Amino acid sequence: MTGLTQTAPVSPIRKRPATTWSPGKVGESDRRPDGIPKVTGEFEYSSDLWMDGMLWGATLRSPHPHANIRSIDTSEAERMAGVYAVLTHEDVPGRKVYGMEIPDQPVLAWEKVRYQGEPVAIVAADHPETARRALEKIHVEYEVLEPLADAEAAMREDAPNLHLSGNVLKRVHVRHGDVAGSSADVLVTGEYEIGMQDQAFLGPESGLAVPDGRGGIDLYISTQWLHIDQDQVAKSLGMDQDQVRLTLSGVGGAFGGREDLSMQIHACMLALHTERPVKMVYNREESFFGHVHRHPAKMRYEHGATNEGKLVYVKARLVFDGGAYASSSNAVCLNAATFACGPYDVPNAEIESHMLYTNNPPCGAMRGFGAVQACFAHESQMDRLAEELGMDPVELRVKNAIEPGMKFPFGQEVPHPAPVREILERVKVMPMPEEEGLTGRDLRELPGGVSNVTHGEDVKRGVGYAVGFKNVGFSAGFDDYSTARVTLSVEGGEPLVRVHTAAAEVGQGGVMVQAQIARTELGVEKVAVLPADTSVGSAGSTSASRQTYMTGGAVKMACEAVRDRVLDLVREELGEKPGDLSIEDGSIVSDEREIVSLAYLLDRREIEETVEFHHKETRPLDENGQGDAHLQFAFAAHRAVVEVDVELGLVRVVEIATAQDVGKIMNPQALEGQIEGGIAQGLGLALMEEIQVNEGKVQNASFTDYLTPTILDMPPVRMEILELADPEAPYGLKGVGEPPTISSTPAIIAALRDATGRELTRIPVKPEQIAGVSEKLRDEILQQQDSAGYSEIGRLDERREH
Amino acid sequence: MRLECKVNGENREVDGVWEGESLLYVLRERMELPGSKNACEQGECGSCSVYLDGTLVCSCLVLAGQAEGREIVTVEGIAEGDELHPVQKAFVEAGAVQCGFCTPGLIVATHDLLHRNPEPSVVEIREALAGNLCRCTGYEKILDAVRLASERMNA
C-alpha cells in the first residue's frame, strides 16, 4: 500500500460561508442566504468536499443490459499500488438490496445484472485516476443474455421474468361511469409516445463518507430526502439509524433524479472498510447511468364527444417502461392513471395504466411525475377533437373544464379552487408577441440560428395551447409530514431565530422561504436557517411540489408554538391581559403600544419548539381506481408561439405565455424562477431531450449528445399568476414547481402542428418529423450519408483511379 | 510533475501533479479553489470557465501542464477584495442563482462578455452565453442579471 498517510478524521469540510441577513417576509422577493457564496465560488457542493487523508471511490458498472455473472475476480485490482479496497456484493454488511418503495435493487449486483450501468464492484484509491484504472483490473465473467428491451414485449406471457414477482411492476385501472353503454357523436383516437427524459442536473452525484471511529459513519451528501437515504443506508450497512448520520451538502439541482440512492451506500462501505474518509464523484457519463430517468411511455387514447363538444367518455391505455428496478414507478403509474383524462369533466372513463420491468435503464421520479406523459396525450387528443368538431381548441377545453364540486374520474371531489376555465381564458387573451417580418432579421432570431439555413424562406408561425395539473404532496394514504425546530434566543442584544429542518435545498430557494416565514410569524429580522441534517426529524422529500407546503407549514406551526410561549411569558411575568398581544419588529406589542422588547424579556432564555406537520389524510385507490388519493391540485395553462422552418424541421420558440394558480405568492422572484425553469424543461422534452436507448444500451450519455435547452433556445416567458387561496394550506399556498413543466410541452407541440399540419405524435419531435420526411426516406438518406455520396462517385477503394 | 502558475494574482506551485490531470482538477483538488465546477468535464456546459492569460476557456479541457507559467483567473478572483463585482451582485439581485452550479462559469463568462462588449444586445448576450448550460432558471433571470450588470457598469 502506498499513498497518503493516515489522518484521523477531525471535522470535515473546508468551511461554511457565514449566514447573510436579509429582511424579506412572506410575499416579498428576498435575497437568497446562499446567493453570495454561490456567486463567489465559496458555496460548498457535495463534489467540493475534501478532508485530509481522504480516498477516492469509483464504481465498476455492467457493460451489458442483461447478463448472468459467472465470476468476479478482484485480486489484480487489489494488488495495485494506491488501491485500498475492492468490494463486491459479498462485502455488503446488511441488506443487499435497496429501494424507496420496493427494495429490489442490488447494492452491488450478484448472479445477474439487469441494466447497462448496474454497479458490480467498488474501489477506493488515493487518486481518482488510480481508482478508475483499478476498475479495469477487475475481471468479471458475464454470460450475456438477450435484453428484454420493450415494455409491450415484457407483458407477453412468453417473456422471461426479470424479477421473481414477474415483469408487471404495477397496474392501475380506473373505471368511472359506463364507457361501453355511452354513445358519442364523434370519436377521435390517437397513439402517442414519449421518449426517456433525463433530469440532467448539473451537480454530479457525489458525497463524502467519514467513519466516526466508533463503528458509525457520517455522510455528507446531495440528496432530496435525507431520512429516506439514512434509512436505506443504515439497513444495507447493518447499522442502527443513529449510527448513520447524514448532513446535506450543496446540491447542484435535483428534479427528481436524487430521490433514489446513487453512491451513498458505496461510499459508506468503502469508508468503513478502509477506516478513511472516502469521496465519490460521478462524471457526466456515469451520472447518466447513476440515476433514474423519466419513464418513456406509449399511450393509446379514444375520446368520444357530442356534436356540441361535450366529452362523453375517455378510454386510455398507458404503458410505461419502468426499466430494471422499481424506484418510484408504483407512484408514477398511479399518478398517470389519475391524471390521464386531464382537468376535464369526463362522465365516463376507462383507464389502464401499466408499469413494466425491462432491461432498460431504471426510471423513476422527474418533475411532473406521470402527469407529464398523460398531459401530452390528453392535450393532443383535445386538439384532435377540436379539429374534428371544427371548434376552437381553447373553447373546447373551456367547455369541458372541470370545476370545484365535480368528481375526477378517480372519484375524488374537485376541491376549491380549481380555476381551469380561468387560466385557459387568460392565456387566450394575453397579448401575442409581435409578428416581426421574416426577412432581414438577425440570423439568431430565425429557426436554425447562425447555422445560416434560412433567411426567412419557408418559415411558418404556429400557436398552440395546453392545460395540465398535478398533485401536490405525497398521495394514496402515505403519512406525509415534515418536522421543524424553531429556537428563539437573544444574541448580541438582538433577538435571533434559528430554524432547523431536514428539508433539502436543491436550488429552489426553500432556505429563503423558511426564513421569510419565520420573520413573518415571529416579527424578528435575524433568522438563521441551519444546515439540514438527520439530527432533526424528517422533512420528507424535496419533490412533488410539496416542500413549501409541508416544511413551510411545519416552520409556520413551530413559530406559532414559540410565539404562544413568548406571549404566555408576557402574561405570566408582566401581567398583561391575554388576547391582543403580538410580536412586531422584535417587541411585544398590544394595541400598537410597545410593552417590552424580546431582548429584555428573554435575556438568556431560549424558547424552542419542535413540531411535526402532517397533511390531511389521503387514501389508496380501490380496485376500480377510485379514492380520495390526492391532497392538493395545482393547475397551469400554457400558450406557445413558434416559428418553424417547415423544409428543414427547425424550430424557434418565440414565446411561452402561462397562467398558473399558486394560491399565495410566497416570493415573487423565486416563483418566476420556478415557472421559467420548469418551462425550459418542458421545452427540452418537446424539442430535444431524449436518452436514446437501443436494445437496452444508452447511446448518448454525454452533454454532447443529450441536448438540453441553452439560452439561445429559451424564449421570453409571459406570465399571469393567480392567487386563489386553498383554505386548507399554509398561507393558502399551492405547490408551484411542477405545473410549468407539464403543459408547456404539449402547448409547443400543438403550435408545431398548427404551423406544419403534421400529426407529431412522438416527443421529443425530430426535424425529420416536422419536415415530414418519412421513416423510410430518412433511412435511405442516412444510408447515403453513411456512404458519404460514394454511391455516385464510387467508393475510394473501388474507384481504382490512376 | 511540478506546476507553477499565477492564480488570481498569486504565484502558486504544486507538486505531485499527474500528467493527465486537467487544470480544473488541479484548481479544485490541489489549490483549494473548488469554485470552478465539474458539471460535465467534456467542455459542453461552461461551468468550469476560467481566464487563461485573459482568454475564456473551459478549464476541464486544459491539461494542467498547459497552464505552466501562465496566469489564471477563476471565479474566486472576480470579486474586488471584499466587494462583490457588479456581475456577481447582479446575479444575486436578479434571482439568476438557484442551485448555483452553473453560476461560477456564468459569472466568468459574463465578466468576459461585458469587458468585450459593455452594452450587449439580447441576441449578443444569448450568443455569448450559449456555451453555459443552466438547468434551473430557464435563463430569463440570467438575461436580467447581465442587463443589470451592464447598466451599472456603464453608469
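**View 1. Strands β27 and β30 of chain A run side by side in the parallel sense.** In this predicted model, β27(A) pairs with β30 (residues 717-722) of chain A over six bridges; two strands count as paired if DSSP finds at least two bridges between them. Strands here are DSSP runs of E with at least two residues, helices are runs of H or I with at least four, and both are numbered from the N terminus. Look for Ala659(A), whose bridge partner in β30(A) is Glu720(A). Eleven of the twelve residues of β27 (residues 650-661) of chain A are buried, so this strand is largely enclosed by the rest of the structure. Buried means that 20 or more other C-beta atoms, placed from the backbone, lie within 10 Å of the residue's own; 12 or fewer is exposed, and anything in between is partly exposed.

A note on reading the labels: residues are numbered from 1 along each chain as its sequence is written, while chains are lettered from A and ligands numbered from 1 in the order in which they are written. Because the model is predicted, local features need pLDDT of at least 70 and side-chain atom pairs count only at pLDDT 80 or more, whereas totals for chains, interfaces and linings use all residues.

View 2. β26 (residues 632-645) of chain A pairs with β27(A) in the antiparallel sense over ten bridges. Here Arg639(A) stands opposite Ala657(A) in β27(A).

**View 3. Four strands of chain A make an open, mixed sheet.** Their order is β21-β20-β19-β25. β21 (526-529) and β25 (607-614) of chain A stand at the edges with a single partner strand each, so one side of each has no neighbour in the sheet. Neighbouring strands are turned by 20° against each other on average, direction ignored. In this sheet, β19 (residues 481-491) and β20 (residues 494-500) of chain A pair in the antiparallel sense over seven bridges, and Glu491(A) has Glu494(A) as its bridge partner in β20(A). Helix α12 (residues 510-522) of chain A lies across β19, β20 and β21, running at about 145° to β21(A). Such angles run from 0 to 180 degrees between N-to-C directions, with axes fitted to C-alpha atoms, for helices over the stretch in contact; residues are in contact if their C-beta atoms, placed from the backbone, lie within 7 Å.

**View 4. Seven strands of chain A form another open sheet with mixed pairing.** The order to follow is β3-β7-β1-β14-β11-β12-β13, with β3 (83-87) and β13 (244-248) of chain A as the edge strands. β1 (residues 55-61) and β14 (residues 278-281) of chain A pair in the parallel sense over two bridges, and Leu55(A) stands opposite Val278(A). Helix α3 (residues 128-136) of chain A lies across β1, β3 and β7, at about 30° to β1(A). Helix α5 (residues 226-237) of chain A lies across β12 and β13, at about 150° to β13(A).

**View 5. Chain A meets chain B.** The contact takes 50 residues from chain A and 44 residues from chain B. On chain A, α15 (668-687) is one of the elements that give two or more residues, and α15(A) supplies the largest share, seven residues.

Technical notes. Two residues are in contact if their C-beta atoms, placed from the backbone, lie within 7 Å.
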